[in-house]
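Below is a briefing on selected packing and pairing features. Start with the helix contacts, then move to the strands.

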Amino acid sequence: MDVDAEEKLIAACRDGDRSAYGDLIRAHSGRVFAICLGILGNRHDAEDVAQQALLKGFMEIRSLRDPDRFGRWIAQIARNLCLDVVRRRKPPLVMPSVADNVEQVDTDEYRRLEAALAKLDSDYRVPLLLFYFEGRSTKSIGEALGTTQGTIQTRLSRARKQLRQWLATEGDVP
Amino acid sequence: MDEQHTRARLHLDTCPACRAYFASLEADDRMLGAYVDRMYPTITRLQNEVMVAITGRSTVESPWLFLPRAMLPTKPIVKTARIAAVVAFVGIGLVGLAFLLRPLLGPSPACGMDRVPYQLRRADTIHVQGWLIVRAPGGARDHKFAINDWIDLKTQRFRTGQVHMTRNQAGEFIPVPSEFVFDGRHTMEMVHGDVRQVQFEVSTPFQAKLALRQTLEHLLDWAQIGEQKLTGYTRTGHERIGGDDCDIWTNEYSALGHKTMCWVASGSGNIKRWQWWAKADETVPSWRLMSTFDVETNGTPPAGVFDMNPPEGMRLLNSQAGARERLGLEHRRFTLEDVEVQVATLFTLTDGSVIMAWRSSAQGREDPAASLFENLPAGAEVPKLPGRIVGLKVLVGSDFLDEADVSWTGRHLAVTRQAGTPYEWSLYVPTRDFPCPGGTRSYAPLVERYPDGWQSEDTRRSDWLLNSFTLGADEFEAFVLGAMAELNDGQAAPGYVTGAFVRQLVDQIRASRKPGSPQP
């Protein structure tokens, strides 16, 4: 989405057009979810916190100073919420859900990959997921995470290497 | 870039080490790409849930509504599926639809429409007849249901319908209609699903009074004609219906792609017809009629409409004589790990304050309640039960989204005990002037777990929704004191609790917020 279109959507949201926010989150929910999944390490918590982040974004959109920085701003909200969860180390609310019923049956391979990703340090997992979820450049990920392109490249490389090692072993991910 | 690409390709052709590394990257990409692909349904669901919370409709599904079920039967026969945090309920006639049609608030209520809720509340009987189209999320076809509801306010009886959205074994959403007949004491719930079955429940006089009032308020809320929903209506036409000159009032929620239209008799303020229109498709600008019904007030209910005889062929789960007792005033239940908080009932006062009864327990913990309530004065901090509702917030998706700065601070008001269970009655006072002229307001509870102090400020889940109608000036005794008596073994409210006492306490709490003021 180009900057002009995004600014118009943000202006519409600020004027109370709730549906405009749908277009914004279509463009950014992948990033938000990837960040949450990267930090929290499991998809259920990630989905929960990503939802909070996107809602908080809508509630507080009037406080967004630079409309061309929505992506970074919502990403920061997501990171802060995730860090709150990590700090509290409390499980999420126990809410009934049938979400699992509609998801695909996990294969062993998929489960092993998920376990490996969960085991990965979040410093590696977040850029890795952003890279694949968003198809973002290492430069863009570096900007989003407040670090350099070189650091991101290093982390991506190490993340892949670590995953490969774990997945090459038989049985459960060590 | 092309030149770089060509050089890289040439290098790969001649360098086995780099070729192997590149191949490993491609393998990583395939593996992680497949992982990400599997996450996209989650992201789509996430987008939908957020948009449902904000606008009442999903981003990709056909518009549907998401609403807490009717208050009438506390334990439905049909176990309703939940989609993540959002529960989809579609009301026929008297319940449902409110989230879908939440208006975006405008500057002031339309003149003429403000008479409508007043007239309906003072009617002896209300008859609503028409139809409603239901489309399940992702559903291939529409389902049309008849509406034929009666509320007899004079004799305290009603017959209403409702549709649950649930899932079948294949995971598809299916609408399951049910009907409720209430004869002033018994409720007969008839489910017209794959399995057609009937169940009876018996109410106390207070429960019956509350259920009737809630049913009426659901009608107003659902049809967007309660006091909280009148903003945005404009007069768009004139038509004669059944001998009455009617103004046509329209409220278009452009962001949601919906509009409601009301035909209101210009002489009396009685509503005669109601319609709900939706854009058939986001890409098609034409409107489609989704529901219409005519409204008749003070008519005579036909013989047998409130009869409690189940239709033939329905499976009886119990009989009227063996009806299960309706327990307490159960309203909503929240769980925080091992801690459970149950809200029994709540009422909004016209100054915007809320009185709510709730209780809390924790698995494996000793009940600390007895000591907590000893010498606890009205106006004190909400007692430290295992889970406690310390305040209320504006619910995301409610009408007051633009009023997100308002919250309600809780203080202890009273305690009642029923069969050994203490019910905390808390008074929640808005942090600024936020009067409520009438109608239904929705709140999200601020639940705190004790002793670790962890709080849930969950303002987005519709299944954490707390709905409350607004008490009229003369209803404090009937409903607040009536509910206190209902939840008290002594069958009486604490003697000091009166409307005047509560007003005084509200004033004290407000005054105490000023810098340097003593706590109440």
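In this predicted model, α2(A) and α3(A) meet through two sets of residues (contact means heavy atoms within 4.5 Å). From α2(A) come R18(A), Y21(A), I25(A), S29(A), V32(A), F33(A), C36(A), L37(A) and L40(A). From α3(A) come R43(A), D45(A), A46(A), E47(A), V49(A), A50(A), A53(A), L54(A), G57(A) and F58(A). The residues of this contact divide into 13 nonpolar, 2 polar and 4 charged. Here Ala, Val, Leu, Ile, Met, Phe, Trp, Tyr, Cys and Pro count as nonpolar, Asp, Glu, Lys and Arg as charged, and the others, Gly among them, as polar.

**Conventions**
- Residues are numbered from 1 along each chain as its sequence is written, and chains are lettered from A and ligands numbered from 1 in the order in which they are written.
- Local features need pLDDT of at least 70, side-chain atom pairs count only at pLDDT 80 or more, and totals for chains, interfaces and linings use all residues; side-chain values use heavy atoms, with hydrogens and water left out.
- Helices (H or I, at least four residues) and strands (E, at least two) are DSSP runs, numbered from the N terminus.

**Helix packing in chain A**
- Helix α2 (residues 18-40) and helix α3 (residues 43-59) of chain A have axes that come within 8 Å and cross at roughly 140°.
- That angle makes α2(A) oblique to α3(A).
- Angles under 35 degrees count as roughly parallel, over 145 as roughly antiparallel, 65 to 115 as roughly perpendicular and the rest as oblique.
- Helix α7 (residues 138-145) and helix α8 (residues 149-168) of chain A pack at about 105°, with axes 8 Å apart.
- α7(A) and α8(A) are therefore roughly perpendicular to each other.
- T138(A), K139(A), I141(A), G142(A) and L145(A) of α7(A) touch Q149(A), I152(A), Q153(A) and L156(A) of α8(A).
- The α7(A)–α8(A) contact residues split into 4 nonpolar, 4 polar and 1 charged.

**Chain A overall**
- Chain A has 8 helices and 0 strands.

**Strands in chain B**
- Strand β17 (residues 354-362) of chain B is mostly covered, with 7 of its 9 residues buried.
- β17(B) pairs with strand β16 (residues 339-348) of chain B in the antiparallel sense over 9 bridges; pairing takes at least two DSSP bridges.
- F347(B) stands opposite I355(B) in β17(B).
- The hairpin of β16(B) and β17(B) has 5 residues between the strands, and G352(B) there takes a positive phi near 95°.
- β17(B) also pairs with strand β20 (residues 421-430) of chain B, antiparallel over 5 bridges.
- Y428(B) in β20(B) is the bridge partner of V354(B).

Terms used. Axes are lines fitted to C-alpha atoms, for helices over the stretch in contact, and angles run from 0 to 180 degrees between N-to-C directions. Buried means under 20% relative accessible area, exposed over 50%, partly exposed in between (1.4 Å probe, protein chains only).
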